[in-house]
Protein chains: 4
Amino acid sequence: MNRSITIEKLDQMPIENRQIEIVERKGRGHPDYIADGASESVSKALSTYYLKTFGTLLHHNVDKGLVVGGKSRPFFGGGEVNEPIQIIVAGRAVTQVVKKGRIIPIPIGSITLGAIKKFLRENFRYLNIDLHVIVNYMIKPGSLDLVKTFDTNQKMPLANDTSFGVSYAPLSQTEKLTLETELYLNSSLLKKKMPELGEDIKVMGLRKNAHIDLTIAVPLISNLTPDLDNYISVKEEVKNRVADLATKITKLPVDVHANTADNYDNGIFYLTVTGTSAEHGDDGNTGRGNRIHGLITPCRPMSLEATAGKNPVSHVGKIYNILAKTIANKIYNKIDGVTEVYIKLLSQIGKPIDQPMIANVEALLEKGTKLNTVKGDIKCVVNESFTNIKQVTNDILEDRTLLF
Amino acid sequence: MNRSITIEKLDQMPIENRQIEIVERKGRGHPDYIADGASESVSKALSTYYLKTFGTLLHHNVDKGLVVGGKSRPFFGGGEVNEPIQIIVAGRAVTQVVKKGRIIPIPIGSITLGAIKKFLRENFRYLNIDLHVIVNYMIKPGSLDLVKTFDTNQKMPLANDTSFGVSYAPLSQTEKLTLETELYLNSSLLKKKMPELGEDIKVMGLRKNAHIDLTIAVPLISNLTPDLDNYISVKEEVKNRVADLATKITKLPVDVHANTADNYDNGIFYLTVTGTSAEHGDDGNTGRGNRIHGLITPCRPMSLEATAGKNPVSHVGKIYNILAKTIANKIYNKIDGVTEVYIKLLSQIGKPIDQPMIANVEALLEKGTKLNTVKGDIKCVVNESFTNIKQVTNDILEDRTLLF
Amino acid sequence: MNRSITIEKLDQMPIENRQIEIVERKGRGHPDYIADGASESVSKALSTYYLKTFGTLLHHNVDKGLVVGGKSRPFFGGGEVNEPIQIIVAGRAVTQVVKKGRIIPIPIGSITLGAIKKFLRENFRYLNIDLHVIVNYMIKPGSLDLVKTFDTNQKMPLANDTSFGVSYAPLSQTEKLTLETELYLNSSLLKKKMPELGEDIKVMGLRKNAHIDLTIAVPLISNLTPDLDNYISVKEEVKNRVADLATKITKLPVDVHANTADNYDNGIFYLTVTGTSAEHGDDGNTGRGNRIHGLITPCRPMSLEATAGKNPVSHVGKIYNILAKTIANKIYNKIDGVTEVYIKLLSQIGKPIDQPMIANVEALLEKGTKLNTVKGDIKCVVNESFTNIKQVTNDILEDRTLLF
Amino acid sequence: MNRSITIEKLDQMPIENRQIEIVERKGRGHPDYIADGASESVSKALSTYYLKTFGTLLHHNVDKGLVVGGKSRPFFGGGEVNEPIQIIVAGRAVTQVVKKGRIIPIPIGSITLGAIKKFLRENFRYLNIDLHVIVNYMIKPGSLDLVKTFDTNQKMPLANDTSFGVSYAPLSQTEKLTLETELYLNSSLLKKKMPELGEDIKVMGLRKNAHIDLTIAVPLISNLTPDLDNYISVKEEVKNRVADLATKITKLPVDVHANTADNYDNGIFYLTVTGTSAEHGDDGNTGRGNRIHGLITPCRPMSLEATAGKNPVSHVGKIYNILAKTIANKIYNKIDGVTEVYIKLLSQIGKPIDQPMIANVEALLEKGTKLNTVKGDIKCVVNESFTNIKQVTNDILEDRTLLF
């Protein structure tokens, strides 16, 4: 197959050499993360149901969502949620299938409510699904035209849209540190040791030349935090543990800051009853949080597509972002002489998804490496990845790839 | 004032010299644009009300929104909307003010509903606000802590968050073309000549070396399009007019494509009753559309912050993006030798907004221009812009700056 | 046709001779009336659409509704609505028709929203539909089984339920007075003379032996009521006018009371911005207001069925109540010797609606009149009315009968 | 205290001697019952919380509600709920209390959601609260004026409205039978023996002279009903058991009918997945179901007030109906010579609730009993009951009285 692949040598300062780098990670309990998680949980549950019931993965797109913050009253040693968080997942999906003239309805409601509540139960320890959340959905039957386009029995799905995927490799030290800090603070291992740490952890990494500032916002569970002394000591432990972690990821000096908006004199601490700031006024939307590497990286090219909630078969806004990441990682890991690589993939609506309108590779090369030397290998990786593009669907359904 | 300003020389290929450029513009009637427009209209109406009533602009943040697509049945010469579009704006705002011991409630409902409906009436000609849309809102009183932070009587507002603004100048030819194409097709002048053109216009620009493909999706108003012949001739006229426009913007050859998903044999055209695809299943979220230049530009650094709906006084996620654009434009326009400039501004929560944690300028320089030659001028522009940062609020309220 | 008709002589005290009579009328702007009006407006609009489009009246039942009160701040000479009234009509309806293999969708959304807003516009002068109300609906496609039952091409519709209709004739003096008072105060003629009178008028009539107390709650439009003096004088005029009216309806002495909850010292008046107490916290449900005579009459037999919103073809909960009223009126008006008459009609699910399970007539007779003398005439009226039962549908659609 | 009590001798046919009697009972799983149950559960939970936290029962009125039916697909041996039931409770309540200058918020959301879900869990065995229901609420802070009226520290609460309560004693045989049939079929004892019986049981009793027809609609749980044979045999057992029960309640011959809308040939059975018809399109409203005796009795005087959801301290629409029932029962049980008694109580807004505007007693007396003989005793019962009116609040909170 003759794919439209362009490969360029990139003449630019390597990311680590630039003066400034800004990186953000919205952790598991952030309202935007909840919106993403809710949308994606519904997509995954629908996909599983479609596959199990009909042997094929039917059209859906639930990549819009709204998390409306509640009202809570946390205080040292206690607290309550006065008004619940509201979660709405919106989009469309195949809600009935005609098979041999018989209409088979799909229990869209049970699937959707079940998926979102399962996501919440798995991600929060102190959020009472019965009392603290109202889960709702606004999912319509898919547009007929798109449904026509979406014929899953064919060998290769057709792109449902003109859309692009963007990624790069490798992560910079600041990026790794930002990502790993949140994953560590939200790891089940640490949660056992420090159950006070809420899930709505946000990490902001700022590298200024050879120095990194890592700013962490971490809500403490009010019921488990009896007083200010306790609050302070937990914050200190967080800072110390993250400082430790940092030494394993980077040799650059790292300053760790925690809950910098605190103002003890004015009674301002970061306490939550449930672990998420959504309990008190913070709202979220799907597609507003982390990109495909789990980070927000204004110094790097990004896609604005939400990966969460899109169907993992034909929705290029999801698949091409994952594929771009996979290609970037493979090129960086397997091909000597490539020090940084940026991938942009553009789809053509209605064409098989393994035939992009353009697949663009920009590579920073080691001193001495010529583009011609690596061009063949790069092209090979790109081609291989497109040939195996259906693998992306499985990677998503079997949780083998980070989406946000 | 001693601001933390860093200025770097950028060693990278100018945008116009790269092999590939991808640019997208979601036009005025796109569901994500509607979500942005709804959120921003509410912020503007609240700001105006606060200023008029209390002499100061009170806290609010309504930067989350959901547009849930309806169901429609357009056909040549007619059509109807079977289920309405639902629009929800979410967030928080000051809903009552205590003045001399008396509680003064703010008519948040009338302001919000009025603002969104006004936005819709001004932007759509064939959307019946009574019959085709349900407008709702979920706005809670703001978190008390943030309200404390937000003291508008002080000389300089305090940043409400750790957040960043990102922008650049100048627009590339492909970017200009993509933006201008949508503005032209949605201009009131052209709408008079070609009333059939719906508002939900999406433009995708792809430059491959020295050639641009411009792909336009434009819905035709079904009531004004009697038959396929008419449909085809309107599409042709759109292509011709845009090709004309292109010659005024770029010397590169431009291929214009329109409604490429059409398939006449299968009865697939892009017809709408109301002018927006939200009438039939397409959903939207605030903050998912165009960035501060009115474009989505994966080849350029971008911020993920929604500008729409944030308060224009203290919300750095809004103000810093606008300021970054202003600074970039000023540097590019006023300082000789700078051919491209990229700005990143990072705030410090709780600090005055004119004191960024970092203001980073990266400049591509003309051959022969040294960084030291322009550094002073650049710093001067940055400092001046921060000194006049309160001007940004006025620019927003008086519609002097594009937000999305 | 041999109908199951039972006719009894009633040995009881005539209503006018009883010591106590209590009667209530919830006027046009009462939240429960709004809920009824909204449901019924949708039924009527659907019926009209079905008839016009398909030549037959299809199944629907939208007899459930919710009016959620808003928040307002009326004051002498002004006022504003801070949070809108929310109106939801719920039920089911045929939303698509299959005709010759083609699916024809019905614009249920436009019909529903249009009908409710039209009802509001026709019934309120100071309710701003754009700013003061959010109209929504939750209407599902009808249960298939019921749809099967509902075959409109047959000669006589089948009862959709086991349900009963209840009515009587004539109205007592207290009933007439209570009803006419509201109709007069809400008449367009009086509204021109006294525009200050809001629509949410509630009248309670209490007859104690030979004396009637008429208690009226009438909200004044705050914008049209500059001060307390004005408020008091309008109240006085209302009382005087109603006292006048009373002399035309009854010879009993009538005391008229208005807004008895007022407490000028504590600043409690009955002012509204819009004319309805729904603007500030008063909620409503369909089917909770007036019965088929336009009154709530605990001293008389009543049905608990909501007439509002039920389809006017096969829903016996609607049709049998109207028919009962018609039969009662005819018997009372046409048959000499009958001084009071009570009708109970019970349907059989699945049987033609002109074949009730039971039609029971209880008659109070003039001294000297024997049941046998009038039995034949009564039976004749009942039979005739059932034979012409389809006329009820027309009476509803053409507004010839009061429903609530 | 000198109360306005009127006592009349009623000259009318005793209920058992009339030719026709129609009685209905909407059972525990009926959509209207669910609406009542949801509203009342919230009132009770609020009352309990207010009492526990503030030592007094604060104002609330949540007597409006909406149950929107879902979509389900029951079949013999299985079934699923495709779209959930939606339950909304509306009204107002005190949501914050100012105590010594400090605002104490009340967790209205947790209380409301918790109460409704508890009600559902206690009343349904096969309704999955997570997957089959969306529970929501629209409760606003109470109107300030009413809050002022509602001063709970005073000796006697003030009536919040002009409203009436209506009741009678004793129940007729048909009434007893109708009520007891539902209670028996929904008893936990029988549910253990016949788990297939769903909760949405509706009983209609029709007495025609000396013969009773008892028509029962009882949904079978589809998962527990493997096939038609099973369905038929369960129906038979229901009929037999109810026929048995009937012999203990009345000596009149009783014909029992079950699920008369069934049509085996057309595949119409009454199967449900969850036990309530709300799972498939049947909607409900608060206040539309059973009156204070647990029955709908068009042959008897009835109040249209919803008892469910009203506050049990000052809301006369609730308290006066219960008091009327209590008074009626006491008079009938304690005073010889009274064979039927009807009570009507009318409140005066703003007056202490133990001072009705009128308390009217109508008594049918045994042959030979004179009104004057019993008048004193009746007056005594009425006076005593009003003196102890605060006991009604406790009876409600401690579940000692049937409300609907």
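Here are a few notes on the chain contacts, a hairpin and a helix pair in this predicted model.

1. Let's start with chains A and B. On the chain B side, 58 residues are in contact with 58 residues of chain A. The biggest giver on that side of chain B is strand E6 (residues 85–93), with five residues. Sorted by class, the chain B side comes out as 24 nonpolar, 21 polar and 13 charged residues.

2. Now for chains C and D. Here 58 residues of chain D touch 58 residues of chain C. Strand E6 (residues 85–93) of chain D gives the most to this side, again a matter of five residues.

3. Back in chain B, have a look at strands E7 (residues 96–99) and E8 (residues 102–105), which run antiparallel and are joined by four bridges. B:Val97 sits opposite B:Ile104 of E8(B). The two strands make a hairpin with two residues between them, and B:Lys100 in the turn has a positive phi of about 50 degrees.

4. In chain D, helix H1 (residues 31–54) packs against helix H2 (residues 108–123) at an angle of about 125 degrees, the axes being 8 Å apart. The crossing of H1(D) past H2(D) is right-handed.

5. Who makes that helix contact? From H1(D), the residues include D:Gly37, D:Ala38, D:Leu46 and D:Tyr49, while H2(D) brings, among them, D:Ile111, D:Gly114 and D:Phe119. By class, the contact residues are nine nonpolar, five polar and two charged.

Note on methods. Residues numbered from 1 in each chain as written. Chains lettered and ligands numbered in written order. Predicted model: local features only at pLDDT ≥ 70, side-chain atom pairs only at ≥ 80, totals over all residues. Contact = placed C-beta atoms within 7 Å. Nonpolar A, V, L, I, M, F, W, Y, C, P; charged D, E, K, R; others polar. Pairing = 2+ DSSP bridges. Axes fitted to C-alpha atoms, helices over the stretch in contact; angles between N-to-C directions. Left-handed = near helix turned anticlockwise from the far one by under 90°.
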